[in-house]
There are 2 protein chains.
Amino acid sequence: MIQDGMKVATSGFTPSGYPKAVPMALVERVRRTGESLKIDIFTGASTGDELDELLAVHGLIARRFPYQTSNALRKGINAGEVMYADMHLSHAPQFVDYGFWGEIDLAVIEAAAITEEGHLVPTTSVGISPTFVKHARKVIVEINLSQPLEMEGIHDIFIPENPPMRRPIQILRVFDRIGRPYIEIAPEKIAGIVITDIPDGVKDFAPVKETHRRIARNLIDFFEKEVSQGRMGKSLGPLQSGVGSVANAVLSGLLDSDFENLVMYTEVIQDAVLDLIDSGKVTFASGCSLTPSPKGVKRLYRDFSRYKEKILLRPQEISNHPEVIRRLGVISMNTAIEVDIFGNVNSTHQMGSHIMNGIGGSGDFTRNSALSIFTTESIAKSGNISCVVPMVSHCDHTEHDVDIIVTEQGLADLRGLAPVERARRIIENCAHPDYRQKLWDYLDKGLKEGGGHTPIHLEQALSWHQRFIREGHM
Amino acid sequence: MIQDGMKVATSGFTPSGYPKAVPMALVERVRRTGESLKIDIFTGASTGDELDELLAVHGLIARRFPYQTSNALRKGINAGEVMYADMHLSHAPQFVDYGFWGEIDLAVIEAAAITEEGHLVPTTSVGISPTFVKHARKVIVEINLSQPLEMEGIHDIFIPENPPMRRPIQILRVFDRIGRPYIEIAPEKIAGIVITDIPDGVKDFAPVKETHRRIARNLIDFFEKEVSQGRMGKSLGPLQSGVGSVANAVLSGLLDSDFENLVMYTEVIQDAVLDLIDSGKVTFASGCSLTPSPKGVKRLYRDFSRYKEKILLRPQEISNHPEVIRRLGVISMNTAIEVDIFGNVNSTHQMGSHIMNGIGGSGDFTRNSALSIFTTESIAKSGNISCVVPMVSHCDHTEHDVDIIVTEQGLADLRGLAPVERARRIIENCAHPDYRQKLWDYLDKGLKEGGGHTPIHLEQALSWHQRFIREGHM
């Protein structure tokens with residue numbers, strides 16, 4: 001059913017809920033036949049090794065949308081062998097619905113079960129599966145026996161109509177349900193059913209570093225100040241948190257805080273959220289995927305029906321929807337690769353050219369949140385890279401979209417500041433002491449020689465990145 | 001009532017509906033007393049000469065939010081004398097509501113009338129006036145007798161509650177009304193009423209150039225193709241259009257098109273919209289301000305009650321609201337100062353450092369629209385500047401937010417393309433022939449020496465801007 005040149009869409013968001021047996025069988029087939037095959041792969045976000053990594057290693061991916069985190073795929077993208085469009089995750093389902101991506105030939109969807117009426121119960125993520133199923137010509141269902149049948153009921157599946165028929169999304173609180181617990185599918189669309197029991201390829205977190213703990217502390221101090229000054233309530237706003245070690249550390253930091261009755265309106269639910277639920281700090285978490293560590297998965301599955309009362313999974317069009325994020329007053333917390341002194345953020349490219357992963361949902365949340373926070377360590381590569389630079393080498397979040405920057409050095413509250421004021425605050429509060437004077441020198445040079453509202457110095461703006469490539473340090 | 005160091009908020013959005021007599025009197029007072037006075041000025045967007053220009057000329061502005069277009073003010077900002085935060089216009093009211101800007105000492109609001117119940121009927125713009133009136137300690141009302149009393153009824157005033165009480169904004173069609181035709185105010189807040197008859201300082205448009213007509217033609221050809229391929233209906237989506245001569249030309253181009261029953265969900269309503277209404281092409285236009293040319297004002301006022309049936313003015317929090325823009329499937333059309341070959345857009349800064357105006361509402365619409373379009377002429381300054389550059393010198397709209405770029409040379413449809421593919425299409429279709437080969441050379445150099453997903457060449461990325469500053473041409 002999979003032929004050269006096809007557009008194939010799959011379930012999956014993080015290494016959770018993606019099909020495993022079908023891509024493995026495809027690679028096996030290509031190996032056996034020696035045929036030349038390249039397909040376009042559309043997913044919710046990143047997936048696991050059995051899909052992205054395996055297909056990329058064997059050179060089977062022509063185009064890839066809208067996000068990835070695979071080593072082999074990253075290599076192929078940066079070598080110009082895979083065409084990759086790195087998109088806002090809430091926009092991707094709409095691209096399918098609007099026909100901007102053309103027709104989807106086949107969808108491969110992991111399911112925990114098929115209901116008696118013939119509908120699909122998704123597994124650990126929802127991603128774009130409902131929209132893919134709606135539009136794909138044919139669907140292969142991968143029933144994964146490693147996923148508990150108790151999965152049924154944790155999902156809330158809703159696809160907005162296209163304009164002009166689109167109506168308000170009636171989520172007023174993070175736990176509101178607006179859809180059905182399954183993905184509707186016309187039985188004649190099902191081209192095949194595959195049974196497997198390969199578990200999600202979730203991974204352990206890197207151990208929490210002292211710098212991560214200090215980032216968390218700085219952020220929590222800031223929240224406490226906001227509460228004491230009446231700009232936030234004791235339960236803050238619904239929280240969104242990006243993925244990875246820093247994000248996990250920040251959430252863990254909330255465990256020891258005084259905040260109460262927290263809720264989350266986020267994308268990916270990881271171990272720290274389970275901890276926060278267990279401790280009673282978080283009363284409900286709405287997300288798009290469950291991506292705990294291997295240990296976290298065991299804990300989750302052992303006690304699934306209890307967690308199911310506090311967790312809900314939505315399609316990414318809804319978990320990341322501007323309408324809901326803005327309405328709820330979400331506080332967004334995402335990680336940056338580098339920030340510049342004027343408050344622009346690079347979250348995707350190393351040295352401006354080589355992509356790491358992609359923007360993912362960070363733009364969806366940042367742009368529509370009540371408060372947009374970015375965290376980063378102040379230095380990387382043993383201090384050879386300053387994560388605070390004169391000018392970002394790639395811009396994913398503009399100065400207009402960034403309220404707060406936090407490093408282990410401190411926090412810069414940029415609200416209401418002009419660019420020069422932002423620069424002073426970011427250098428003073430966030431930059432590493434080893435790079436602080438050099439940043440002051442750059443700003444002075446910009447003020448003296450360039451001038452203007454945003455006094456960049458065109459010749460030196462990207463010189464730190466050039467030096468790193470030339471000499472191995474900034 | 002106005003003292004040194006105060007935070008003063010005013011009505012006004014474009015040179016429409018801003019207070020005139022009060023700022024003039026303030027300047028007169030300062031002139032007379034010789035006192036030293038600097039205040040922070042918060043408005044809806046830009047205003048007219050009697051406010052921004054006059055206060056800036058006399059050095060009375062310390063801080064300015066969230067947008068401006070005044071020559072004197074621009075000069076002060078670029079000289080580092082005025083602290084300016086250039087913000088998304090839909091975010092500004094929320095900043096007041098959330099207390100991020102601190103307390104507003106005084107609001108000065110132009111009104112066409114005070115209702116029998118004591119409420120304010122705004123004039124040619126709504127801006128942030130409702131929220132300013134709600135939060136300011138005191139309010140001065142400037143009744144402007146040059147504004148027709150028929151103004152009453154054209155406005156739809158609605159302030160969203162703050163989270164967690166915020167509910168869906170019930171605008172499902174561009175003409176839906178959700179509020180009241182006046183701004184509610186507690187009578188004890190009114191500190192003074194000033195009567196004036198100074199008209200809005202609206203200006204003539206620059207004459208439509210042939211290049212503008214070609215931009216419009218290229219865009220309309222594209223719309224026709226989208227309709228023929230079923231990705232849009234005959235009435236397109238609700239249109240948003242930025243301000244200025246190119247925007248006006250694009251809208252005028254629709255007059256001779258085959259599209260029908262068009263509607264607008266936009267910010268600023270200018271002459272071309274009146275033409276489209278008169279011709280029957282546009283059946284309804286929702287905006288935040290009426291800013292026709294002096295001739296257009298006469299035409300509008302002569303026939304106000306007829307236009308009032310087809311036009312509605314909302315607060316900028318609603319006209320630019322992500323929720324409504326996304327729901328309605330708005331097609332956004334905004335102008336760029338420069339674009340780069342990877343699809344990033346600069347709409348604010350000249351040569352990266354000197355601000356022109358600000359991002360205004362372009363980000364609100366772009367980011368949440370169904371289709372995000374940017375227009376620019378391919379060259380500026382008699383060809384000494386290429387508006388298609390290797391890297392934008394300032395980024396306001398990232399590669400993730402830009403679907404279509406149009407110049408008089410042609411149109412680049414960037415949907416679903418990887419950065420290298422975007423570069424090829426933008427150079428081929430949009431760049432001016434005089435700069436095309438140089439852009440190909442830059443891309444080749446990036447591919448050979450830099451490589452990666454986005455093959456920038458760090459040393460040469462900003463070299464075109466450097467050359468312009470050094471030699472007066474790119």
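Predicted model: local features only at pLDDT ≥ 70, side-chain atom pairs only at ≥ 80, totals over all residues.

Student: In which loop of chain B does B:M351 lie?

Tutor: The phi of B:M351 is near 50 degrees, a positive value in a residue other than glycine. Most residues other than glycine have a negative phi. B:M351 lies in the loop between strand 19 (349–350) and strand 20 (354–355) of chain B.

Student: Does B:M351 count as buried or exposed?

Tutor: The term rests on relative accessible area: buried means under 20%, exposed over 50%, and partly exposed in between (1.4 Å probe, protein chains only). B:M351 has 13% relative accessibility, so this residue counts as buried.

Student: Where is A:L236 found, and what is its phi?

Tutor: A:L236 is placed in the loop between helix 6 (210–228) and strand 10 (239–241) of chain A. With a relative accessibility of 12%, A:L236 counts as buried. This residue is not a glycine, yet its phi is positive, near 50 degrees.

Student: What is omega for the peptide bond from A:F65 to A:P66?

Tutor: A:P66 belongs to the loop between strand 3 (61–65) and helix 3 (71–78) of chain A. Most peptide bonds are trans. The bond from A:F65 to A:P66 is cis, with omega near -20 degrees.

Student: What is omega for the peptide bond from B:P163 to B:P164?

Tutor: B:P164 lies in the loop between strand 8 (138–144) and strand 9 (190–196) of chain B. The bond from B:P163 to B:P164 is cis, and its omega is near 5 degrees.

Student: Which residues does A:F175 touch beyond its neighbours up to four places away in sequence?

Tutor: A:F175 is found in the loop between strand 8 (138–144) and strand 9 (190–196) of chain A. Its relative accessible area is 40%, so A:F175 is partly exposed. Contact means heavy atoms within 4.5 Å. Apart from residues up to four places away in sequence, A:F175 touches A:F284, A:L312 and A:R314.

Student: How far is the C-alpha atom of B:L290 from that of B:S125?

Tutor: B:L290 is in strand 14 (residues 289–290) of chain B and is buried, with a relative accessible area of 1%. Leaving aside residues up to four places away in sequence, its contacts include B:T124, B:I154, B:F304 and B:L313. B:L290 and B:S125 are 165 residues apart along the chain, and their C-alpha atoms are separated by 6.2 Å.

Student: Which residues of helix 8 of chain B are buried?

Tutor: Helix 8 spans residues 271–278 of chain B; six of its eight residues are buried, so the helix is largely enclosed by the rest of the structure. B:G280 follows this helix and has a positive phi, near 85 degrees. The buried residues of helix 8 are B:D271, B:A272, B:V273, B:L274, B:L276 and B:I277.

Student: What is the radius of gyration of chain A?

Tutor: Chain A has 16 helices and 26 strands. The globule rule, 2.2 Å times the number of residues to the power 0.38, is compared with a radius of gyration taken over C-alpha atoms. For 474 residues the rule gives 23 Å, and chain A comes close to that value, so it is as compact as a globular protein of that length, with a radius of gyration of 23 Å.

Student: What percentage of the residues of chain A count as buried?

Tutor: The C-alpha atoms of chain A fill a box of roughly 70 × 50 × 45 Å, taken along the principal axes. Among contacts between residues at least 6 apart in sequence, 72% join residues at least 24 apart. Of the 474 residues of chain A, the buried share is 68%.

Student: Which residue of chain B comes closest to the rotation axis?

Tutor: Copies are superposed by least squares on the C-alpha atoms of residues with pLDDT of at least 70 in both. A rotation of 180 degrees with 0.0 Å of shift along its axis places chain B on chain A (RMSD 0.0 Å); that is the relation of a two-fold axis. The same surface serves both copies, as 100% of the contact residues of chain B recur in chain A. The residue of chain B closest to the axis, at 2.1 Å (C-alpha), is B:E323.

Key:
Residues numbered from 1 in each chain as written. Chains lettered and ligands numbered in written order. Heavy atoms only, no water. Helix = DSSP H or I, 4+ residues; strand = E, 2+ residues; numbered from the N terminus.
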